[in-house]
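Trainee: I would like to learn how to read a structure feature by feature. Could you walk me through one?

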Amino acid sequence: MMNILQAENFPLEAQQLIEASAGTGKTYTITSLYLRLLLGHSTGVKRPLAVNEILVLTFTRTATEELRDRIRKRLVEAKVAFQSGQSNDPFLEHLIGISDDNRRDSTLLAAAIQLMDEAAIFTIHGFCARVLYQQSFETGVLFDQDLDGDRDQLLEMAAADCFRQTILTLPTFERNIALGLWPDPDTLLSKIKRFLFRHKVTIFPEASGSQSDATTLVNNIVEAKRQWVESDLPAVIGDAGFKANRNCVKKLDEMTRFCLDKNAIDPEDPLWEYWSAGVLDNSIRAGKSVPEHSCLELIDAIFQAKSVVESIKSGLWQQVTQKMRDNLSRYKTDTNQLTLDDLLTQLFQAVTGDQTFASSLAGRYPCAMVDEFQDTDDIQYGIFKAIYAGPGPQSLFLIGDPKQAIYQFRGADVFTYINAKRDTWDNLYSLNTNWRSSKALVDAVNSLFAQQQIFDNDTDIPFFEVDASAQAASMSYRFNDSQQKPFSLFLAHGEGKTLRKDDARALCMQHAAEQVSELLLRAAENSALIDGKAISAGQIAFLVRDKNDAQAARDALSDRGIRSVYVTQESVFLQETALDLKLILQAVLEPTNDRAIKAALATHLMQSSISEIDALTHDVILQQRVTQEFQHYHYLWATEDIAPMIESLIITRKIAEKWLGQADGERQLTNLRHLSELLQQRSAAAPGMHRLLKWLARERITAETVTSEERQLRLESDENLIKIVTMHAAKGLEYDIVYIPFGGFWRAIPSAEPALFHRETGHGFETCIEFGNDSGHRAQAQNESIAEDMRLLYVAITRARHHCCLGIPNHSQLPKSALARLLNIAAAKNNPEEILDTLAGYPQELFSINAITAADTTPLKDSDSTPSLLPPPNLPEIDDPWRMHSYTGVSKLIKMKEAPVEAITITGFADDEADVTNATQRTEQFNRFTFPRGPQVGIALHSLLENLDFSATDDVRTTACERCLKQVGLGDDRNKWLPVISAWLDDILSTPFGRDESLRLSDISGHDRLNELEFHFPLNADVNFLSTLQKNGYMTSSENLSVPSLEGMMTGLIDLIIRHQDRYYLIDYKSNHLGDSKESYKAAELKQAVAHHQYDLQYLIYCVALNRFLHSRLPDYEYSKHFAGVHYLFLRGMDGKTQTGVFFDKPDEGLLQTFDQALGGTP
């Protein structure tokens, strides 16, 4: 029995289930119960709970933050009410009235507000991760285990290995059947991913076929084909008297070709049916008889052997499913990773296997509230049940609405809700007042859904009529001075025929768009009003099933000059923009590939004209210019990363200017910016141009299923526009006027795909998968699919506050749809008159009903689809000079009054510079001077020297060099580059340096070197320190230097400090390319490079840091005695014999002290 929930006396104990229909104030109820728990009203714990003791769980990070914010605001509201002793909120007024100590309660609320950042409000996965991380011993999680594994990458690896190791190694007959199911690893992954992570699944049919059955079938096929050819069956059939228009006569030649092909062993080929016994009997002329022949008997046996094939398929499904799971488990063990799914299973195993641990969690969180519980699955409920079902004062409140369970494709399972509901016995409560919609609309929705078996299970998912709120009666929606009916239905049909689905979709969208156009026109005249105010576009939403519906809606609105914005949970990787960007990146990756460049320019995103692309074939100068442009993009990608490259592309190609004048321009630009951000994040985590492009391709494949929040399409505009929203994304939202133009959606479960269904057992419902063709199981799966469509319609309809318009598309699938069941028009088939007769039975005061066969096109007056561009606001000025500074940052702050433009663009002087053009021209030369350049190469060389034991054996050095080549992307050219880098490394380690040239890196042992010395020291610099340095011969690249005030911290990393004979050497590696011979790395050239790049400022800062460090570590430290100076090693110039490539300086001690004090050091 369902009890009506009153927040004032709801029992805060044991396990309770709260069903909250759409718009009935679920979040308000959660915050009210939260308040009571904070104030000590729990009948189980019997004391006030702290915010970190009340566990509140929901599903998305967005929902978590929203709920946290709502709770915080309610606490503030309650605190004010307790301090003043009164409130307009009846619930707060009740709490004040029953409080025996208002001051104490006010203090509790104030403390809770201050500690809200510690509140235990998490996503379910976030809660699991927190417990696993904080209680590793109890949960069996390794301390260094990665709790955020890349599931998609692991799945791709598992599918590829399963395809190669399992499917391709099957016997020929089974392999052919398997390849028919899964022709490639991507198909395998897409078909199996939907149920791979389901917990406790019962599989049908049980594997029953034997190898002998398969062998017999294969032998029958081979023998039938042999007899067909050798016995000349076509002649026998041709003379037997079969009807000439039947396939058994028409397909004789095709069958003969099939039989002559020895490799064609396919028991599912449709040809077998044409000569089966039943077909032959129906095809013979009267008075004739079907010839008797052993070949025909074999063909009939092959056709009848469907059960053998189905058994083989079922066995294959089970085999590959288990193999995929085994592969995933092995990969995660090998890489020490856990995915989001593992967070659930790991905690489930911990709490179900150790009651003491489960009880400790219940003690830590005495009360838990699970929001949107209808979107859980059995393993999540199993966790909650294990923690809170045992004896003790703990309580568990499950809050949701089974009528809004619409996320089965994500793994959610409404049958888990049903099982939990049955576990809760009589502790069932519901909210029965709709606070969202007008009274008339509430009545209309009640009349629609108040029918038996509307959600296919009246016992567990009944529909209870809800009441409208007291304020609902005053809600007003007027059009042309008359109050409008809350619900409208329109039938879109053809003239005497059933519409094609695409035509029905277009007609429905056009009609709805025309209604919106008329509505906005009247609103401009103040004749379309909601609560006395003119309706605006932002109050209207189109709810659609998928992106095809969304595009049709956008097109229909655009035809009338009405702008719209698209809201969906779909991945940005599935958009056309992502495909276009992939082609563009391929061209950037190969900037000399003319075909790739043309393909990039031909993309919709680039907006190039046909004449421009065609001119590349004839105009050599244009071709060179475009090639240089893409080479520049390549250079930017290599040196500055992917996001700056895309930004340069947008500016150079004027992409923003071209797109903003078009209807979907904001959408395209939003997608492009979003993709740029995601690519940049991935590049930072896993550098590599080719690697990034492969990742993008993989993401487009994996995005077909579940999409994480950060990859869902972003809102392209926050203007007052029509919202086009997918029904799944609309859950939790509300709009004044809702259009559902295409409500008659339906999807058949393909016979070649597994069917997911549920069956009731003595312990509740269990999840099942039908791999075969059991008609009962597949019918049950189809019914469950329609039931979810009904729940989706309920979600869509209940988003409306004042008016809902529902379209009925009269296409062939309409009678099978949930819409037909909702409106009781399934029996009418596609007959428009019968459908309209049925609809006429709805209350006329609530429903307006009409039929359409065409739609007008009325442009919105004074509309302009081109958005007005406003200048960006001025950036705020922040007067806070405190910063974290480094040499790089300080050098950028230095302002040159006479900018030496030519010096800035000297080729080869930039640290780790990548010169794409020269590198391309020298691809056949392999030496240290032609070795690739760029930041990534510099990092690789630094890493090589940092991690290498300078006295290592040749084998160890070779391994280190191979690793370096792979890091810079030269692994494929190992044989050409390995001798070069090995000899180069030997020269680096053997080059003498120091004033007496007696020291080499190879002489330095591990305990006499310190890699990557990181330093931080307070900074309060004298702005005149630059002039001091210039007077002493430093910073001579320009005569007029200035720098703003520097305050904060100075930080940096010194590549290497070595100790030799109690003297300390400061060493920095430079991979700059200064020229193609040793002569370019002599002392004079090095001095010029150091001056140009202001490396002297860098090493002076390093000297200050090292001098302070040695002073703090060595009691008898003396600069002149212990400091051996600065040695900048320009790696490309080091020859192993002379000091070529080695820059040396030892700043004067007095100057260094002066500089130290100028930076804020104490004398």
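Predicted model: local features only at pLDDT ≥ 70, side-chain atom pairs only at ≥ 80, totals over all residues.

Trainee: Where does Tyr1034 lie?

Mentor: Tyr1034 belongs to the loop between helix 43 (1025–1031) and strand 27 (1041–1042).

Trainee: Is Tyr1034 buried or exposed?

Mentor: The cut-off to remember is that buried means under 20% relative accessible area. Tyr1034 has a relative accessible area of 9%, so it is buried. Sequence separation is worth checking too: Tyr1034 and Gln1094 are 60 residues apart in sequence, and their C-alpha atoms are 8.5 Å apart in space.

Trainee: Now a helix, please. Which residues of helix 19 are buried?

Mentor: For a helix, look at which way the buried residues point. In helix 19 (residues 355–364), the buried ones are Phe357, Ala358, Leu361 and Ala362. These residues cover an arc of only 145 degrees around the axis, so they sit on the same side of helix 19.

Trainee: What covers the buried residues of helix 19?

Mentor: Their cover includes helix 5 (124–134), helix 6 (136–139), helix 18 (340–353) and helix 20 (378–388). Look at the helix end as well: Asp354 caps the N-terminal end of helix 19, with a side-chain oxygen 3.1 Å from the backbone nitrogen of Thr356.

Trainee: How do I read a pair of helices?

Mentor: Check the angle between their axes, then the residues that meet. The axes of helix 45 (residues 1095–1113) and helix 47 (residues 1149–1158) come within 10 Å and cross at roughly 90 degrees. Angles of 65 to 115 degrees count as roughly perpendicular, and helix 45 and helix 47 are therefore roughly perpendicular to each other.

Trainee: Which residues of helix 45 and helix 47 meet?

Mentor: From helix 45, the residues include Leu1097, Leu1100, Ile1101 and Val1104; from helix 47, they are Leu1152, Phe1155 and Asp1156. Leu1100 is also one of the residues that Tyr1034 touches.

Now try helix 25 (residues 576–589) and helix 29 (residues 642–652): their axes come within 13 Å and cross at roughly 100 degrees. Helix 25 and helix 29 are therefore roughly perpendicular to each other. Here Leu581, Ile584, Leu585 and Val588 in helix 25 meet Ile642, Met645, Ile646 and Leu649 in helix 29.

Trainee: And charged residues? How many salt bridges does the structure hold?

Mentor: Side chains of opposite charge can pair when their charged atoms come close. The structure holds 44 salt bridges. In one of them, Glu760 meets Arg422 at 2.6 Å, N to O. Glu760 lies in strand 20 (residues 755–761) and Arg422 in helix 21 (residues 414–423), so this pair ties together parts that are 338 residues apart in sequence.

Trainee: Are Asp502 and Arg505 buried or partly exposed?

Mentor: Asp502 is partly exposed at 45% relative accessibility, whereas Arg505, at 10%, counts as buried.

Key
Residues numbered from 1 in each chain as written. Heavy atoms only, no water. Buried < 20%, exposed > 50% of the residue type's maximum accessible area, 1.4 Å probe, protein only. Helix = DSSP H or I, 4+ residues; strand = E, 2+ residues; numbered from the N terminus. Arc of directions from axis to C-beta. Contact = heavy atoms within 4.5 Å. Polar contact = N/O pair within 3.5 Å; in protein donor to acceptor, adjacent residues only side chain to side chain. Salt bridge = Lys/Arg side-chain N within 4 Å of Asp/Glu carboxyl O. Axes fitted to C-alpha atoms, helices over the stretch in contact; angles between N-to-C directions. Parallel < 35°, antiparallel > 145°, perpendicular 65-115°, else oblique. Lists of a residue's contacts leave out its neighbours within four places in sequence.
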